[in-house]
Amino acid sequence: MRAAALFRAALLLLAATAASPAAAQPVVTSAAPQRVALTVYRAPGGSGAINLRFLGGFALVTETRRVALPRGAAVLRFEGVAEGIVPVSAVVDGLPGGVVEKNRDARLLSPASLVDGSLGRQVTLTRTNRATGRKTSEDATIVAGPTPGVVLRTATGIETLRCSGLPEGLSYGGVPAGLSSKPVLSIATVSPVARTVTVRLSYLASDFDWRASYVATLAADQRSLDLFAWLTLANGNAEIFPNAEVAAVAGRLNRIYTPSLRAAVGALSLTCYPLGTTTSNLRKREFEPAEEIIVTGSRVMAAPAFGPPPPPPPPPEDLGDLKLYRVPERVTVAARGQKQVALLARSAVPFERRYRRQLYPRQTMPLSPTVAVLVLRNRAESGLGLALPSGSTATYARRGDERLLLGLGALDDRAEGETFRLSAGTSTQILVGQTQLSQNETLITATNASRLPARLEVPIGDAGQKIESDDPALERIDGIATWSILLEPNSRAELRIRY
């Protein structure tokens, strides 16, 4: 009740202040946050290398700022917010009088916006004589621009900028109101007393993304491996986030797209003597449409760099049906750049080597190579036991001081207790082929030309498809009929299937 009464009083005070022309609202500017935290969400189905020009993820940005508020109504400007901010998502906590109104100031300082903001105002026009280098200056008034050109009124009449044949430039007496060199979120608030307060600004911002990249290195005994994962964060915004607390969220999101505004920033493009040079014919301001994100929870990248691994990060936390991965140390996320930090580190994880070849009914195929995979169980007793986000995989083997690549692949999201596979190259010694016997029957053949036994898995068809055989070696794995056998050295095996 007290909060509601305070808010009503703030509204009345704001209305009374606005009704008095003589009383201009003071403007309080917060240039930068004292502390910032980023929680980054992946793009749906994001895979492969990150392209900084097309980032489909987003971030929840939380900033802590210290501001000095006057008594009564005021406009509070938060400078340096992310360029991709979604204004309707912004929430401000800690203001004594709450938030009465909020606006995303979309006009950033640029040559075009400077001309646009100076329409009808006096500027200084300077010309340089090409022969003597002498500069002459005179007063001019901008009467049209910036598209498709800048039209000026001088003492000699109407002319277009840079169409006299001489080098020309404009000088401005100041920056027009409403323009800023940084993205700005402004809010109207009313404080019952003058005080300095700590506020927390939270908002969603587009043009972020992240990827996981797993590096597996086989031990000398070929029975276990060391598993390390990098978390690559990407920031497509023009703002840097120094010394930030960073977290990443994995899982499937329900995303709803609605129109939003982007900053109106443009270079100055000049055309001599354009048609329509009166202010009545000026084009209306247009903003590039972007996407606003509303989130509700629901259930091959570049080769990684090697070096001494950082300390292991903490295990993931549950966030509803999602998983939250925290970076243990503060990091600086550069503008329009990427940051790579440790995601997990596990050593001596046991695995089982298998060979796989996908087949489909009615498919005729000669004996062909199989794919070598390393099968791991995501359990605590196996050295893992934590949620693994999807990402790329790279498997290596050591030969003395050398590290040799065995295979590249991809990993889907894996929960604790599930089994997953890492690609480890192609085998030309373990071969699989298929021959059509009749309209509804085929013969699958497998051979092992190596000196060691080989565990073979041959998935047949799609999940749920009816595949039958009299051989008990045909079983269902992940819903797919799979021929699973142990091939002895220099041996051959066959399986008849019906469908």
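A residue counts as buried when its relative accessible area is under 20%. Keep that cut-off in mind on this tour of a predicted model.

Begin with the aromatic rings; the structure holds 3 aromatic pairs. Select Tyr41 and Phe58 and show their side chains. The ring centres are 4.8 Å apart and the planes meet at 5 degrees, so this pair is stacked. Now colour by strand: Tyr41 belongs to strand 2 (residues 35-41), while Phe58 belongs to strand 3 (residues 57-69). The two residues are 17 residues apart, and their pair links distant parts of the chain.

Next, select Phe208 and Phe241. Here the ring centres lie 5.9 Å apart with planes at 55 degrees, so the pair is tilted. Phe208 is in strand 13 and Phe241 in strand 15 (residues 241-250), so the pair ties together parts 33 residues apart in sequence. Both Phe208 and Phe241 are buried.

Stay on strand 13 (residues 195-218) and pick out Arg211. Its relative accessibility is 11%, which means that Arg211 counts as buried. Which contact joins the side chains of Arg211 and Asp209? They make a polar contact, at 3.0 Å.

For the last stop, select Arg403 and Tyr396. The charged end of Arg403 sits over the ring of Tyr396, and its distance from the ring centre is 5.8 Å.

Methods:
Residues are numbered from 1 along each chain as its sequence is written. This is a predicted model: local features need pLDDT of at least 70, side-chain atom pairs count only at pLDDT 80 or more; totals for chains, interfaces and linings use all residues. Side-chain values use heavy atoms; hydrogens and water are left out. Helices (H or I, at least four residues) and strands (E, at least two) are DSSP runs, numbered from the N terminus. Buried means under 20% relative accessible area, exposed over 50%, partly exposed in between (1.4 Å probe, protein chains only). A polar contact is a pair of N or O atoms within 3.5 Å; within protein, one must be able to donate a hydrogen and the other to accept it, and residues adjacent in sequence count only if both atoms are side-chain atoms. Rings of Phe, Tyr and Trp (its six-membered ring) pair if their centres lie within 6.5 Å; planes under 30 degrees apart count as stacked, over 60 as edge-to-face and the rest as tilted. A charge sits over a ring if NZ of Lys or CZ of Arg is within 6 Å of the ring centre and within 35 degrees of the ring normal.
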